[in-house]
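Subject: A structure to look at

Hi there,

Here is the structure I promised to pass on. Have a look at it first, and then read on for what turned up.

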Amino acid sequence: MVELEEAVMEIIVNAGQSRSLCFEALQAARKGELDRAKSLLQEADGYARQAHHMQTKLIEQDAGEARQPMTLIMVHAQDHLMTSLLARELSEEIIHLYSRA
């Protein structure tokens, strides 16, 4: 069974790293470094997968007998994950626009 505090921190850290890499990718694209930008997005995907994997573990536990309490820190972790996923999607679209210029 995954401890809630450990899971929440893993989601926050990995989602935050993913989001940071997305914005780094945007900066690279702005400089015309499109290959680097795409590489940074791929790296961001790895961190997002780790965060999502932990989220999935929590959901599986919650669906079973190990009900998870809804805490402010859990909501915060979910917010980090969703924000990073949105940043990833938008970054890809913006980088695509840079590549067309």
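Helix 2 passes helix 3 in a left-handed crossing. On the helix 2 side, the contact is made by L34, A37, L41, D45, A48, A51, H52, Q55 and L58. Helix 3 brings M74, Q78, L81, L85, R88, S91, E92, I95, Y98 and S99 to it. Sorted by class, that contact holds 11 nonpolar, 5 polar and 3 charged residues. The two axes, of helix 2 and helix 3, come within 10 Å and cross at roughly 155 degrees. An angle over 145 degrees counts as roughly antiparallel, so that is the label for helix 2 against helix 3.

Please keep in mind that this is a predicted model.

Now for the overall picture. The protein has 3 helices and 0 strands, and from the N terminus on its elements run α-α-α. Its C-alpha atoms fill a box of roughly 55 × 20 × 20 Å along the principal axes. Of the 101 residues, 36% are buried. Among contacts with a separation of 6 or more, 78% join residues 24 or more positions apart.

The other two helix pairs both involve helix 1. Helix 1 covers residues 4–30 and helix 2 covers residues 34–63; their axes come within 8 Å and cross at roughly 165 degrees. Helix 1 and helix 2 are therefore roughly antiparallel to each other, and their crossing is left-handed. By class, 19 nonpolar, 5 polar and 4 charged residues make up the contact of helix 1 with helix 2.

What about helix 1 and helix 3: at what angle do their axes cross? The answer is roughly 20 degrees, with the axes coming within 8 Å. Angles under 35 degrees count as roughly parallel, which means that helix 1 is roughly parallel to helix 3. The crossing of helix 1 past helix 3 is again a left-handed one. In this contact there are 18 nonpolar, 7 polar and 3 charged residues.

Q55 sits in helix 2 and belongs to the contact between helix 2 and helix 3. Is Q55 buried or exposed? Its relative accessibility is 12%, so Q55 counts as buried, the cut-off being under 20%. Setting aside neighbours within four places in sequence, Q55 is in contact with I11, Q78 and L81. Of these partners, Q78 and L81 are listed on the helix 3 side of the contact with helix 2.

D62 is another residue of helix 2. With 22% relative accessibility, D62 counts as partly exposed. Not counting residues up to four places away in sequence, D62 touches R67 and Q68.

UniProt places the feature "binding site" at D79, and the entry is unreviewed. D79 is found in helix 3, which spans residues 72–100. Its relative accessible area is 47%, so D79 is partly exposed.

Happy to talk any of this through once you have had a look.

Best wishes

Terms used. Residues numbered from 1 in each chain as written. Predicted model: local features only at pLDDT ≥ 70, side-chain atom pairs only at ≥ 80, totals over all residues. Heavy atoms only, no water. Axes fitted to C-alpha atoms, helices over the stretch in contact; angles between N-to-C directions. Helix = DSSP H or I, 4+ residues; strand = E, 2+ residues; numbered from the N terminus. Parallel < 35°, antiparallel > 145°, perpendicular 65-115°, else oblique. Left-handed = near helix turned anticlockwise from the far one by under 90°. Nonpolar A, V, L, I, M, F, W, Y, C, P; charged D, E, K, R; others polar. Buried < 20%, exposed > 50% of the residue type's maximum accessible area, 1.4 Å probe, protein only. Contact = heavy atoms within 4.5 Å. UniProt positions renumbered as here; feature names shortened; annotations may be inferred.
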